[in-house]
2 protein chains.
Amino acid sequence: MAIVGVLGAGMMGSALCVPLADRGHEVRVVGTHLEGPLVERLRAGEPHPGLHVRLPESVSVFPESELDPMLADVDLLVLGVSSAGIDWASERIAAHLRADRPVLMITKGLHWDGVALRALPDVLSARFPRGIEVAAIAGPCIAGELARRSPTCVLIAGHERPTCERLADMLRTPYYEPGTTDDVIGSCACSALKNGYAMAYGFAGGLHERSGGEPGTVAMHNLESALFSQSVLEMQRIAVALGGRAETVAGLAGIGDLDVTNNGNRTGRFGHLLGLGLSVDEAVKRMHGATLECIEIVRVMREAKHALGRVGSLPLMDHMAEVVLDGAPVAPPIARFFE
Amino acid sequence: MAIVGVLGAGMMGSALCVPLADRGHEVRVVGTHLEGPLVERLRAGEPHPGLHVRLPESVSVFPESELDPMLADVDLLVLGVSSAGIDWASERIAAHLRADRPVLMITKGLHWDGVALRALPDVLSARFPRGIEVAAIAGPCIAGELARRSPTCVLIAGHERPTCERLADMLRTPYYEPGTTDDVIGSCACSALKNGYAMAYGFAGGLHERSGGEPGTVAMHNLESALFSQSVLEMQRIAVALGGRAETVAGLAGIGDLDVTNNGNRTGRFGHLLGLGLSVDEAVKRMHGATLECIEIVRVMREAKHALGRVGSLPLMDHMAEVVLDGAPVAPPIARFFE
């Protein structure tokens, strides 16, 4: 069994400790400099305040001040911080990088630097010394379900397949099944884009309610499913333009993650509010400060569109931009879907 | 504008009259020999008992006894009967088939004759004189939503692309957007298989409830989405083995139709009951006589598996067969998903 260091005690980092501990690894969670009070609670044996479950007893939790001794001899480094914390985290672990110590990112997605859209693991990898392997976990995984050992399938995305297979073996339990893929950019495109497209799925329910309808079998499910299908088509076009594969989007990283995000997530609720006819400002206010990755990815995609080259028609992405950036009313452009 | 004859006054045949009438066509619905009382009600201006909406005033409804005069001079024949009525309907319209009069099927799917799995439009086409074009409508379309002019995207699947384009033009309204495809077998495979795989999606909710969980954000959504993604993968393998295209499954005919079927349909409720631990007999009883296409397609796929040749691994289809045909308990084989 291995020693695994997890940097970040947030929901996803903590949830991943459950299969790691069940697999018999020694798991050390190190909180960030912002997670002091959270670390205190976890060390006192309280339930994780985001997950509402206790971490397994074999998981040890440490404050940021103990990062260096705790990560010095690990076999695997897991980055469990949010994308906002990636810069901090990559500097903080620099002293502990080694060629035989892969970095596994829970945060994944795309990074836009004004010139190119790149996969987050590749951005990190470029900062590290040569030979440090960086992989990411993609696919449908609600942290609260994983923490309750609910059956979950994911993909380990990395350029070195043998490393991905080894990581998958380290993580596999009867309820947590990791496959592997070398399509890093395709997987990361899915992770980023699904946040935008899940908002579009939410448009349908809002439009239905706005037209006086009640939830039920006869709602705007035809429209929802057309939006789902169009989302997959556009995600494929974008992923391929970035150098990824269409089949990645048609799999767990794409439709799997999009489907789970469509299931009652905050992004869908935000799209629902916009479909109801609320302005973006009103809808943001109603979300009580929730992080809305959907606005950010739509903004990035508008800025980055020229960087995609010959990407083909993206009528739904264009419409989302008109809605959230220009204040246009929600009216999915179905007549453009077969362009 | 054209004259359109619709054979069958059921929910989907009647719903399709709405865009046809809105497009300005003369629409004549002819009920089957089993639909006498339904025809009476519709002729009296009552709401359609399945759709709970009135047909547009410009739609004329006729009893089966008036079939011959009413279909003698139409430009398009629409078959709105269920798959059980296809044999009867194909004989009944035989006298009205003409090379410049395409047949558009609302019923679609696969036909198993003990030797080969074939697309229903091709089975019908083979019975007709040479030169009669048969197309089918695929994609996510709940009849009750179409009848209420809720936005709906579909695919017209046929071997002659110009005919499909012409049919799409005849049907297109601001709320009904038909695309076209020449992948008839792929589209029909999706239509048939989604009934089985939607049952598997329902397993997750049942398993969650059985384990004491309540509906909510933390349920078994990770599993649901893994089942969705695996369903698409297996549908692609089957469609390709039959001569269809993987991209058809990744589009409106596949993931679109599967997503809409996952939305509160009877198939999902049946899967939910099985996930709860009910036997197949008990679950069938609870469904109060609803048609369960899911059992039929799973039975056909087991019988027809050798006819598929080198289809690849189908662990979820295998599991569904074990559950509904052999009485095995529901336990999705996620460890086999990445075979």
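Predicted model: local features only at pLDDT ≥ 70, side-chain atom pairs only at ≥ 80, totals over all residues.
The side of chain A that touches chain B divides into 27 nonpolar, 14 polar and 5 charged residues. Elements of chain A that give two or more residues to this side are the helices α6 (143-147), α9 (221-241) and α11 (252-261), together with the strands β9 (152-157) and β10 (176-181). The largest contribution comes from α9(A), which gives 10 residues.

In total, 46 residues of chain A are in contact with 46 residues of chain B. The area buried between chain A and chain B is about 3500 Å², and carbon and sulfur atoms give 62% of that area. Of the area that chain A buries against chain B, 19% is supplied by Asn222(A), Ile334(A) and Phe338(A), more than by any other three residues.

Within chain B, helix α12 (residues 266-275) meets helix α14 (residues 293-304), their axes coming within 9 Å and crossing at roughly 75 degrees. Angles of 65 to 115 degrees count as roughly perpendicular, so α12(B) is roughly perpendicular to α14(B). On the α12(B) side, the contact involves Arg266(B), Thr267(B) and Phe270(B); on the α14(B) side, Glu293(B), Cys294(B) and Ile295(B) take part. The residues of this contact between α12(B) and α14(B) divide into 3 nonpolar, 1 polar and 2 charged.

Notes: Residues numbered from 1 in each chain as written. Chains lettered and ligands numbered in written order. Heavy atoms only, no water. Contact = heavy atoms within 4.5 Å. Buried area = accessible area lost by both parts, 1.4 Å probe. Helix = DSSP H or I, 4+ residues; strand = E, 2+ residues; numbered from the N terminus. Nonpolar A, V, L, I, M, F, W, Y, C, P; charged D, E, K, R; others polar. Axes fitted to C-alpha atoms, helices over the stretch in contact; angles between N-to-C directions. Parallel < 35°, antiparallel > 145°, perpendicular 65-115°, else oblique.
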